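Here is a short report on one protein model. Look at the sequence and structure first, then read on.

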Amino acid sequence: MPPAERTPAAPDLVAPDQIPLRPTGIALSDDRSAVVLQFVAAPDGEDTVSGADGDWLPATLAMGEGGRMLDLEVPGGDGDGGPLDIEVSPWPGGAVRHVPVLARLSRLASGDVATITIPRRGAGYEITYPIGNQ
């Protein structure tokens with residue numbers, strides 16, 4: 001009798017609509033007044049951020065204690081009308097507040113998101129981490 005075949009365990013899979021978009025780089029603008037989230041081209045349009053190149057989008061910035069930028073929520077373009085969460089840094093615990101901001105979208109010629117830029121300071125907030133003063 002041949003040995004029984006073993007089926008490898010399936011990895012835990014996460015639905016594509018639950019995977020947060022993450023920047024591949026974070027920088028300050030040349031004049032240090034804005035935070036620039038940088039992205040590489042996403043396969044098959046996975047970035048699903050609505051808006052054209054150069055558009056200013058209404059967004060919500062999640063701020064942790066000490067000026068830590070946690071994530072940015074921008075309008076999604078995947079058809080369900082829901083927002084897209086861009087995870088910037090892990091939440092270390094403590095208080096979180098949400099601040100409305102405007103985010104400027106920059107796209108590559110292919111249409112993929114290249115950068116999303118937000119002011120480093122605004123009404124009631126200042127980003128100091130992961131880039132800035134700390």
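## Terms and model

Contact means heavy atoms within 4.5 Å. This is a predicted model, where local features need pLDDT of at least 70, side-chain atom pairs count only at pLDDT 80 or more, and totals for chains, interfaces and linings use all residues. Residues are numbered from 1 along each chain as its sequence is written, and side-chain values use heavy atoms, leaving out hydrogens and water.

## The sheet

An open sheet holds 7 strands in the order 1-2-7-6-3-4-5, with antiparallel pairing. Strands are DSSP runs (E, at least two residues), numbered from the N terminus. Two strands pair if DSSP finds at least two bridges between them. Strand 1 (25-28) and strand 5 (83-87) are the edge strands, each pairing on one side only.

## Around strand 2

Strand 1 and strand 2 are joined in the antiparallel sense by 4 bridges. A27 has V36 as its bridge partner in strand 2. The hairpin of these two strands has 5 residues between them, and there R32 takes a positive phi near 65°.

Strand 2 (residues 34-38) also pairs with strand 7 (residues 113-119), antiparallel, over 5 bridges. V35 has I118 as its bridge partner, while L37 stands opposite I116.

## I118 and the core

The largest nonpolar core has 25 residues; L61, M69, L72 and I118 touch the most other members. Such a core is a set of buried Ala, Val, Leu, Ile, Met, Phe, Trp, Tyr and Cys residues joined through side-chain atoms within 4.5 Å. Leaving aside neighbours within four places in sequence, I118 is in contact with residues including A34, V101 and I127.

Notes
Buried means under 20% relative accessible area, exposed over 50%, partly exposed in between (1.4 Å probe, protein chains only).
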